[in-house]
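Subject: Handing over the two-chain model

Hi,

Here is the structure I promised to pass on to you. Please have a look first, and then read my notes below.

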Amino acid sequence: MSDHALETRDLSVFYGDTPAVKSITLTIPSRRVVAFIGPSGCGKSTFLRAFNRMNDLIPSARVTGEVLFRGLNLYDPTVDPVEVRRRIGMVFQKPNPFPKSIFDNVAFGLRINGFRGKLADKVEESLQQAALWDEVKDRLNDNALGLSGGQQQRLCIARALAVEPEIILMDEPASALDPIATGRIEDLIRVLRENYTIVIVTHNMQQAARVSDLTAFLYVGELIEYGETEQLFTNPREERTEQYITGRFG
Amino acid sequence: MNGEHFSPRLAARRRNGTIFKWLCFGATIFAIVMLVILLVDVTSDGLRWLSIDFLTRYPSRIPARAGIKSAILGTLWMMGLTASISFPLGVGAAIYLEEYAPANWFSRLLQTNIANLAGVPSIVYGILGLTVFVRFFGFQRSVLAGAATLSLLVLPVVIIASQEAIRAVPRSLREGAYGLGATRWQMIRHQVLPVAMPGILTGTILSLSRAIGETAPLIMIGALTFIAFPPTSPMSPFTVLPIQIFNWASRPQADFHDLAAAAIVVLLVILLAMNATAILLRNRLRKQL
């Protein structure tokens, strides 16, 4: 198996005729955390959503170029986006638990994908992995909307982990959370890193510096700089990167 | 401070606010008062005829022996069949229009026509029902022909109410389901429909409340007014409460007018029971969410 989890080649995304992502080529290594940073509207979320074909759901969006996953172009006509989204999971900006019980939130992905093991065991395992089990084990049948924002987001992570993805995409997963809940999500990312490849979009530069191994800086749809996080934050090669991370624009 | 640039007239502005508040209160009270007057009037006219016998007897030429058993059963059959036809068709159409239909001129044409159909007078549906269901499909003057006609009448409302309920399901839930590898249908079945169902049910029952009072289209397709037996199958001839009421109210004898009033009370009770069921069902489904 190659040590590349994902690779994009000349990937562009258009909304109508407006390009949101302009011909980006980059490689995401396996079992690392890669952060996308950049000012609002720079295309980082759109770029992320190209990895599990979420942009397919927006009628005006159009993708050109390639996303290679295990040597296969995800935009090949033979590829089913439904299967892609199981293997490349996603956690969204605002916690979006289903208005069902905690148990059913995790079990949903298992049921729809024809999981054949013991449902309850897998639900517990997923909640353990998301560091939520101890807080919810006595109220699995309670409505998930009764959880705090941070718990809801960890539930969404558990839900994503349950269907055994190889890559987890996180679109500003802590932007709606308080600092303590954010800290727990970041701790979780550091643990999950051992078994999963994680791509995280964030507009919080400290967060990118804290959790990621590699950082990509995007600006108006272009990839400006991509490299080891420490190097990018301490010694950026590009002037625009330096200006952004020192807070001079964005 | 440049006080001379303003003349606050605070007392006058507050007074205008108070006047407006009472006008709005009057508008609210007007509707309620009218309903109460109607209820009191109808109940006082019909009260002496209201009895168990009235509910369990068949119509008669003699007021003291007349009852509304066949009309009640006809109405219940009619509502049951209308609901079973219009609910699946209406929800299915709403799902198609909201979730599947491409955004093109054809979808817009469908949408506009459904909105227009909601405003077509009910007698027109009666003529359509007579031509299509009674004659072409050969349903004769049956409960089924009536229910099919009333289904056409309420379908646009069911579709539009269901569409609104489906549209109100947040995008984040849909994306959450897709993100786990759900197909479109799995997403609709497990996330959209459960969340939209309270709204869909409310819309459906409210539209059935309209159908329960319909008289004109059923007379058009040939509902009978004097029936001394209950409907036993969808193909039975039938009458319904509004037709029985209309029939009694149009007779010269005063006793029949009071019988009509008693039947109106029964119709209103059935209507209120239906609406109460809708509210209970909705609250229960909401609680499950």
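Throughout, contact means heavy atoms within 4.5 Å. This is a predicted model, in which local features need pLDDT of at least 70 and side-chain atom pairs count only at pLDDT 80 or more, while totals for chains, interfaces and linings use all residues. Residues are numbered from 1 along each chain as its sequence is written, chains are lettered from A and ligands numbered from 1 in the order in which they are written, and side-chain values use heavy atoms, with hydrogens and water left out.

Let me begin with A:Arg53. A:Arg53 touches A:Leu74, A:Tyr75, A:Asp76, A:Val79, A:Pro81 and A:Arg85, leaving out residues up to four places away in sequence. Its place is in the loop between helix H1 (44-50) and strand E4 (61-69) of chain A; helices (H or I, at least four residues) and strands (E, at least two) are DSSP runs, numbered from the N terminus. A:Arg53 counts as buried because its relative accessibility is 12%; buried means under 20% relative accessible area, exposed over 50%, and partly exposed in between (1.4 Å probe, protein chains only). A:Pro81 is 28 residues from A:Arg53 in sequence and 6.2 Å away in space, C-alpha to C-alpha.

Now the interface. Here 19 residues of chain B are in contact with 23 residues of chain A. The area buried between the two chains is about 1,700 Å², with carbon and sulfur atoms giving 62%; buried area is the accessible area (1.4 Å probe) that two parts lose on being put together, summed over both. On the chain B side, B:Glu175, B:Tyr178 and B:Leu180 lose the most area to chain A, together 34% of what that side buries. The rule finds one salt bridge across this interface, a salt bridge being a side-chain nitrogen of Lys or Arg within 4 Å of a carboxyl oxygen of Asp or Glu. B:Glu175 forms a salt bridge with A:Arg49, and the closest N and O atoms are 2.6 Å apart. Helix H7 (171-179) and helix H8 (184-212) of chain B each supply at least two residues of the side that touches chain A, and H7(B) gives the most, with eight residues.

Helix H3 (residues 102-112) of chain A is also worth a look. Nine of its eleven residues are buried, so the helix is largely enclosed by the rest of the structure. Its buried residues, including A:Phe103 and A:Phe108, pack against helices H4 (119-129), H5 (133-136) and H6 (149-162) of chain A together with H7 and H8 of chain B. Just after H3(A), A:Gly114 takes a positive phi of about 70 degrees.

Over all chains the salt-bridge count comes to 26. In one of these, the side chains of A:Glu164 and A:Lys122 meet at 2.9 Å, N to O. That pair links distant parts of the chain, 42 residues apart: A:Glu164 in the loop between H6 and strand E7 (167-171), A:Lys122 in helix H4. In chain B, the side chains of B:Asp258 and B:Arg48 meet in a salt bridge at 3.1 Å, N to O. B:Asp258 is buried, with a relative accessible area of 17%, whereas B:Arg48 is exposed at 55%.

Finally, B:Gln244 lies in helix H10 (residues 241-249) of chain B and is buried, with a relative accessible area of 1%.

Best wishes
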